[in-house]
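Please keep the structure open beside the text as you read.

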Amino acid sequence: MSPSFLLLLLFLLGFTTIPATSRCTTATFIKTYQKCVTLPTQGASLAWTYHPFNATLDLAFSGTFISPSGWVAWGLNPDSPAMTGAHALVAFPDPSSGSLLLLPFVLDPSVRIQNAPLVSRPLGLRLLSSSAVLRGSRSPSDGSAVLIFATLRVSPNRTRLHHVWNRGLYVQGRSPTIHPTAPSDLASRATIDAASTATETAPQAPDALRSAHAALNAASWGLLLPAGVAVARYLRHRASRGPSWLYAHAATQIAGLLLGTAGFAIGIVMGNRSRGVEHRLHRGLGVAAFVTAALQSAALLFQPKATNRFRKYWKSYHHLVGYGCAVVGVANVFQGFDVMGLGRSYWKLAYCLALSTLAGVCVALEVNSWVMFCRYAEEEETTTTTTRAGDSMEGGRASSSQKQGLSF
């Protein structure tokens, strides 16, 4: 491997993100609660007081805005620790006045794809009161803290409650738009027993696994395999290099396949450790890339000899599957940046620069190939014309000699 590739690989290993953490507090400027817990994502926390004599729960959720026109939500899911089916209170600035609004929403299954704007409707919970206030500022901004207060009646024998929370970048009218899809956003849920404070949080893959998964896949599917395709396309016609192009092509593809297999295996481990966190498109593209790479490798065992009449069909298959694997792999690397919440990061910029360099080299070699092809065709046409002219002159001389022979 070249030093530049090793440097890029080390650079990509810096994908590790450090989650924001904060210490919970039972005291707010409105009231003091009996218990509190720091929630596992987004630096959020929850404080509450449970009154067993009337099964009433007073709580205060603390979150932060990520955009001046964004939203922050907290809710309960009566059935499972998931976003779908949750009854949520969403705080966001009023588009007309700028004041803070708190509206109730019920997140039915259609919220996953959000074909239509969310419409506020009463919660199915026995909500007694609710309010929201900004902490330390008059209007929301990036990083502004917000407190969502709620009082609700729960079942006396059901104090284990499934809490969900999240935040988004903006609202359309009075409808919150879909939130970011980083792992921390998709894992924003916890089951908490209001009586005993026992907490069950959504499992997340360790940051080290996420970093290794991202770096290995970006280096293999995103760079090495496309580079191997370029080596085979642009160097095999250079007879002066002999079979060296084949060795370079095989070495690059084998290295890419080994690293890609390791990254794919880490992805499977991460999926098993993060139950309920799904990235369907990213997972589907990853499986497609791995399957096409496996088919490409298996096809080498059945490679016909150069003189075999089926060789041309095998070559067409080899080229089609190889190009398809490279395209799917690169597309999935970009999808992975979005999944990790790094769509506008220096990591993505570094990868784009590396990929652009590879694409630029391919364009230059492609242009050079066409220039050489056109030049060769022109030279061949000139040679053919000259040969034909020479043959015509020889034929004319032979005819003249015959005539002279007849005159004698």
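W74, G75, L76, H87, L89, L123, L125, L127 and L152 line the largest cavity. A cavity here is a set of points, on a 1 Å grid over the protein atoms alone, where a 1.4 Å probe fits but cannot get out, and lining residues have an atom within 4 Å of a point. Rolling a probe the size of a water molecule over the atoms shows where empty space is left. Two elements give two or more residues to this lining, namely β4 (71–77) and β5 (87–93). The largest share, three residues, comes from β4. The volume of the largest cavity is about 40 Å³, the volume being the space filled by probe spheres set on the grid points, which are joined across faces, edges and corners. In total, the structure holds two cavities of 30 Å³ or more.

Residues are numbered from 1 along each chain as its sequence is written, and side-chain values use heavy atoms, with hydrogens and water left out.

The predictor's confidence in each residue, pLDDT, runs from 0 to 100. Its mean over the protein chain is 80, and 81% of the residues reach 70 or more. Among the elements, strand β3 (residues 56–64) has the highest mean pLDDT (93) and helix α1 (residues 3–12) the lowest (45). Over residues 1–21 pLDDT stays under 50. Where pLDDT is low, the predicted coordinates should not be read in detail.

**The chain as a whole**

Seven helices and 13 strands make up the secondary structure of the protein chain; helices (H or I, at least four residues) and strands (E, at least two) are DSSP runs, numbered from the N terminus. Of the 408 residues, 39% are buried, where buried means under 20% relative accessible area, exposed over 50% and partly exposed in between (1.4 Å probe, protein chains only).

Two loop residues deserve a look, each with a positive phi in a residue other than glycine. Q42 has phi near 65° and sits in the loop between β1 (35–38) and β2 (45–51). A55, with phi near 55°, lies in the loop between β2 and β3. Q42 is buried, at 10% relative accessible area, and A55 is buried too, at 4%.

**Aromatic pairs**

How many aromatic pairs does a search of the whole structure find? The search finds four. Rings of Phe, Tyr and Trp (its six-membered ring) pair if their centres lie within 6.5 Å; planes under 30 degrees apart count as stacked, over 60 as edge-to-face and the rest as tilted. Two of these pairs are set out here.

| Pair | Ring centres | Planes | Geometry |
|---|---|---|---|
| F310 and Y313 | 6.3 Å apart | at 45° | tilted |
| F334 and Y351 | 5.5 Å apart | at 70° | edge-to-face |

F334 lies in helix α6 (residues 311–339) and Y351 in helix α7 (residues 346–407), so their pair ties together parts that are 17 residues apart in sequence. F334 is partly exposed, at 25% relative accessibility, whereas Y351 is buried, at 0%. Together with F337, F334 and Y351 form one aromatic cluster. In the other pair, F310 is partly exposed at 43% and Y313 is exposed at 52%.

Technical notes:
Contact = heavy atoms within 4.5 Å. 1 Å grid on protein atoms, 1.4 Å probe; cavity = no way out; pocket = protein on both sides within 12 Å on 5 of 7 lines; lining within 4 Å.
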